[in-house]
Amino acid sequence: MSSFALAWRNLVRQKRRSFLMIAVVTFGFAAFALAGGFIAQSFEGLREGTIKSVGDLQIVDRRAVGKAEEATLEYGLPDARRARALAGADPDVAAVLPRIDFVGLMTTGAKSVPFLGVGVDPGPEAAATLVPELIVSGKYLSGDGGDGVVLGTGLAAALNVKPGDRVTMMATTPDGSLNALDGIVTGLADVRIKELNDRYVAAGVGLVSRLLQSGDTVSKLVVFLKPGANEDRAAERLAKAMAAGGYPIVVRHWRELATFYEQVKLLYIGIFGFVGAVLVVIVILSAAIVMTMAVTERTREIGTLRAIGTRPSGIRTMFLAEGVVIALAGCVAGTVLALVVRAALNASGIMLPPPPGATHGMPINVKLYPLAYGAGILAMVLTMAIASYFPARRAARLPIVEALAHV
Amino acid sequence: MTAATGGPLVEARGLSRSYRLGESVVPAVRDVSLSIAPGEFVALRGPSGSGKTTLLNLLGLLDRPDEGTVRVEGRDGEALTEEERSDLRRDRFGFVFQTFNLIPVLSAEENVAYPMALAGASAARRQERARELLAAVGLSVKLAVRPDLLSGGQRQRVAIARALANAPSIVFADEPTANLDSHTAEEILDLMRRLNAERGVAFLFATHDALVVSRARRVVTLHDGAIASDAAS
Ligand SMILES: Nc1ncnc2c1ncn2[C@@H]1O[C@H](COP(=O)(O)OP(=O)(O)O)[C@@H](O)[C@H]1O
Ligand SMILES: [Mg+2]
């Protein structure tokens with residue numbers, strides 16, 4: 001008879017107590033698996049969303065890193081058509097999007113509001129990023145953008161404009177003179193972050209270049225990779241190809257660009273770690289009580305087993321095995337519970353609050369993360385083993401004569 | 001067992017053991033020297049509190065003396081680690097208790113097989129020998145029954161079969177008949193006598209039951225923790 005079979009029989013003998021302990025592990029495991037899955041899923045969503053806004057990689061002038069430009073396009077990439085072709089030649093690159101970052105003042109005559117502008121190539125921009133999906137009225141830019149501009153809903157409200165209205169943009173050119181140009185509002189976008197929504201302007205690179213009188217220079221190139229591409233290796237090749245083409249650039253990864261991604265990740269890990277620690281403490285405390293009761297109740301049995309030749313380590317193994325069997329039984333029941341809860345949540349249509357930095361929530365959709373379940377089993381088995389260890393050690397160290405005389 | 005040819009099986013020299021009760025010290029066994037030869041059938045007699053259990057525990061390597069030595073087949077019990085003493089009890093000793101002390105979650109057959117599993121016997125070997133021993137104690141029909149469904153006499157038979165599982169050289173029995181009615185007690189005694197004769201295994205009983213004493217071939221009498229007499233009967 002194996003230690004586990006014996007452990008199982010001893011657990012069955014104490015039905016009520018074993019059931020309660022297994023129930024504790026079941027709920028602990030289910031909470032762990034569901035929370036773990038939810039957080040893994042949140043990371044994945046956050047990562048995808050982040051990449052959709054900043055790209056997998058960005059190609060920028062070396063001098064632009066960590067420094068603010070004193071003049072618009074001070075550290076721009078000249079001859080952008082050639083730069084795009086160079087980057088686009090890489091086999092892992094799916095799209096190269098030019099971007100021109102600029103600031104200015106938007107006016108309707110009656111009112112002027114400062115804005116944060118971005119010059120884009122509307123076709124690839126629409127294909128690769130989320131912004132076109134955020135249009136709440138009117139349309140996104142089409143073709144090369146023409147005279148069209150897209151405004152954040154907050155900015156549009158401040159200026160009291162709607163699609164079809166004419167607006168005037170004023171901006172400082174790289175050589176320091178002031179220039180103004182008219183645009184036609186094609187659509188309004190809700191870009192989810194309030195501060196940005198009040199300032200957001202997008203226009204075709206053509207219109208922006210005319211406003212800034214900046215020729216074929218862009219602020220940066222945003223690179224999207226093909227699915228499954230190796231980000232690090234693609235970045236290395238791009239850096240080499242661009243350097244060979246005479247561009248003094250660096251290739252930046254999405255992770256460096258989205259500083260808030262790491263912060264949110266830390267926040268989630270902190271919450272998850274706290275919940276996990278509370279669960280572990282609850283399981284350890286209740287298991288330690290249950291195992292101590294078992295040892296006390298079976299003191300004479302322990303004395304008998306020791307007398308007839310069981311080594312101290314054998315006694316320890318016996319009680320540790322009981323803890324592990326409880327853990328495994330709880331994990332089996334917990335898996336069933338987690339799957340049922342997951343199905344119920346997904347069918348419920350409950351709306352989740354928006355993640356940090358966003359304005360929209362989403363209906364709950366808990367994905368199945370086998371890794372969270374695997375980690376849950378490991379955590380529960382370890383927890384029960386730790387909780388059983390001290391009672392088991394006490395049992396192994398009982399003086400035989402005292403244990404036999406125990407009533 | 002090739003060692004100790006003709007030598008004693010268990011030999012105690014100058015054993016003393018006392019218990020601390022608060023401030024006072026209660027001497028339970030005082031300077032006892034005793035030697036048991038292979039195949040003996042010995043009763044350890046004395047009134048309640050005379051130190052029988054304490055002495056049996058010392059001889060069975062369940063406890064350690066304050067003074068003196070216990071040698072088992074020539075080996076000094078004090079020089080052994082807990083693990084070595086466990087293994088020695090498993091391989092050379094059997095134990096029978098007043099309260100039977102079977103493992104409640106195991107069937108009769110599994111209880112008997114348990115010490116063999118500790119010794120690493122194969123499943124087939126364990127089953128074969130457990131059945132043979134249960135047949136020898138007259139319980140062939142109770143193999144799969146758990147202890148709580150057995151009578152006192154039947155439980156003690158299972159316990160005796162378990163004590164013999166690894167073919168020990170001696171069985172220690174502390175008041176083995178005290179929880180049985182006199183008729184059953186007699187049956188159990190006859191069984192142990194028979195096993196002693198057939199298998200050559202030595203028995204040492206602690207008892208104050210006159211019936212048990214009358215069946216012994218040698219009677220050691222304890223008084224206040226010391227040997228008052230040691231005689232063949
Ligand atoms: N655990 C113990 N603590 C204190 N005193 C004990 C303990 N065990 C036995 N004694 C004392 O030791 C003496 C011998 O006890 P014991 O060996 O049980 O005798 P017997 O088995 O002959 O009745 C008695 O006086 C008893 O009270
Ligand atoms: Mg006694």
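How many residues of chain B are in contact with how many residues of chain A? In this predicted model, 25 residues of chain B contact 19 residues of chain A, contact meaning heavy atoms within 4.5 Å. Three cavities of 30 Å³ or more are found in a search of the whole structure.

Residues are numbered from 1 along each chain as its sequence is written, while chains are lettered from A and ligands numbered from 1 in the order of writing. Local features need pLDDT of at least 70, side-chain atom pairs count only at pLDDT 80 or more, and totals for chains, interfaces and linings use all residues; side-chain values use heavy atoms, without hydrogens and water.

**Interface of chain B and chain A**

- About 2000 Å² is buried between the two chains, with carbon and sulfur atoms giving 60%; buried area is the accessible area (1.4 Å probe) that two parts lose on being put together, summed over both.
- On the chain B side, B:Leu62, B:Val105 and B:Tyr114 lose the most area to chain A, together 24% of what that side buries.
- Three salt bridges cross the interface, each defined as a side-chain nitrogen of Lys or Arg within 4 Å of a carboxyl oxygen of Asp or Glu.
- B:Asp87 forms a salt bridge with A:Arg311, and their closest N and O atoms are 2.4 Å apart.
- Helix H2 (82-92) and helix H3 (108-118) of chain B each give two or more residues to the side that touches chain A, and H2(B) provides the largest share, six residues; helices (H or I, at least four residues) and strands (E, at least two) are DSSP runs, numbered from the N terminus.
- That side of chain B has 10 nonpolar, five polar and 10 charged residues, where Ala, Val, Leu, Ile, Met, Phe, Trp, Tyr, Cys and Pro count as nonpolar, Asp, Glu, Lys and Arg as charged, and the others, Gly among them, as polar.

**Largest cavity**

- The largest cavity holds about 70 Å³ of space; on a 1 Å grid over the protein atoms alone, a cavity is a set of points where a 1.4 Å probe fits but cannot get out, and lining residues have an atom within 4 Å of a point.
- Grid points are joined across faces, edges and corners, and a volume is the space filled by probe spheres set on the points.
- Among the lining residues are A:Asn10, A:Arg17, A:Met291 and A:Glu322.
- H10(A) contributes the largest share of this lining, three residues.
- The lining comprises five nonpolar, three polar and three charged residues.

**Second largest cavity**

- About 60 Å³ of space lies in the second largest cavity.
- Its lining includes A:Ile308, B:Arg90, B:Phe93 and B:Asn166.
- E6(B) supplies the largest share of this lining, three residues.

Terms used
On a 1 Å grid over the protein atoms alone, a cavity is a set of points where a 1.4 Å probe fits but cannot get out, and a pocket is an open set with protein on both sides within 12 Å along at least five of seven lines; lining residues have an atom within 4 Å of a point.
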